[in-house]
Amino acid sequence: NAAIMGYLGDSADITIPAMIENHTVTKIGSCAFEDNLTIKNVTLPDTITEIQYKAFADCRELKTINFPDSLKTIGEYAFTTCHSLESIDLNQVERIGRCSFQLCISLEEITVPGTISTIPDHAFHGCHSVKALTFEEGVTEICSTAVLNAFSLREITIADSVTSLGEH
C-alpha cells in the first residue's frame, strides 16, 4: 500500500489517485497538506482508509472534501483550522481523533454516525457556525469539550445509546 506524504503543487483542486506505481493509496499521511493555503477542493479515492494526524490542518481555504465509505479513521487535528470547510459526511468512519475538526468555523450541520462510538475531547471545538448537531444511535460517549464554543448551535439530537456525557 501507499500513503500520500506531501504535496508540492499549487492547484486549488486536487484528486488523490487510487494507485501509485502499482500500490494502492490507502492513507493521507501526517501533515501531508498542512498549512497549504491554495487547496480548495479535494477528491479522495474509494481506497482511502485513514487520514492521519494534521493531514489537512490549517488548510484555511479548503471548502470541500469527500469522505469515501472506505474511510475508517480520521486522526488527531486532521482538519483543525480548516476555516472554509463547508460540510462533512462521516459516512462509515469508525474513529475520529482529538481536535479533528476543531475551529472548522464554516460547518453548519454535523451528523455523527453510530459507527463512531466515542467523540473525543475538542473534536468539534470552536465550530462557531454549527446550527444542528446529531449524535446517532451507536454513539456511546461524548467527551469533555467535544463541542465547546458552538455559539450558533440551535438544535442537538443525542441518541439513547449515549451513556457518558463529559463536561462543557
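## Aromatic rings

In this report, rings of Phe, Tyr and Trp (its six-membered ring) pair if their centres lie within 6.5 Å, and planes under 30 degrees apart count as stacked, over 60 as edge-to-face and the rest as tilted. By this definition Y7, F33, F56, F67, F79, F101 and F124 form one aromatic cluster in the structure. The structure is a predicted model, in which local features need pLDDT of at least 70 and side-chain atom pairs count only at pLDDT 80 or more, while totals for chains, interfaces and linings use all residues. Residues are numbered from 1 along each chain as its sequence is written, and side-chain values use heavy atoms, with hydrogens and water left out.

A search of the whole structure finds eight aromatic pairs. In one of them, the ring centres of Y7 and F33 lie 5.6 Å apart with their planes at 35°, so this pair is tilted. The pair links distant parts of the chain, since Y7 lies in the loop between β1 (2–4) and β2 (13–15) and F33 in the loop between β4 (23–28) and β5 (41–43), 26 residues apart. F33 also forms a stacked pair with F56, with 4.9 Å from centre to centre and 0° between the planes. Here again distant parts of the chain are linked, with F56 in the loop between β6 (50–51) and β7 (64–65), 23 residues from F33.

## The fold as a whole

The secondary structure comes to zero helices and 15 strands, where helices (H or I, at least four residues) and strands (E, at least two) are DSSP runs numbered from the N terminus. The radius of gyration is 15 Å, close to the 15 Å that the globule rule gives for 168 residues, so the protein is as compact as a globular protein of that length. This radius is taken over C-alpha atoms, and the rule is 2.2 Å times the number of residues to the power 0.38. Along the principal axes, the C-alpha atoms fill a box of roughly 45 × 25 × 20 Å, and 45% of the 168 residues count as buried.

## Two buried loop residues

T81 lies in the loop between β8 (73–74) and β9 (95–96) and is buried, with a relative accessible area of 9%. Leaving aside neighbours within four places in sequence, T81 is in contact (heavy atoms within 4.5 Å) with D58, C59, R60, Q102 and L103.

H125 lies in the loop between β11 (118–119) and β12 (132–135), and at a relative accessible area of 16% H125 is buried. With the neighbours within four places again left aside, H125 is in contact with Q102, L103, T145, A146, L148 and N149.

## A partly exposed strand residue

E155 lies in strand β14 (residues 155–158) and counts as partly exposed at 49% relative accessibility. Apart from neighbours within four places in sequence, E155 is in contact with K131, A132 and L133. E155 and T47 are 108 residues apart in sequence and 34 Å apart in space, C-alpha to C-alpha.

Notes. Buried means under 20% relative accessible area, exposed over 50%, partly exposed in between (1.4 Å probe, protein chains only).
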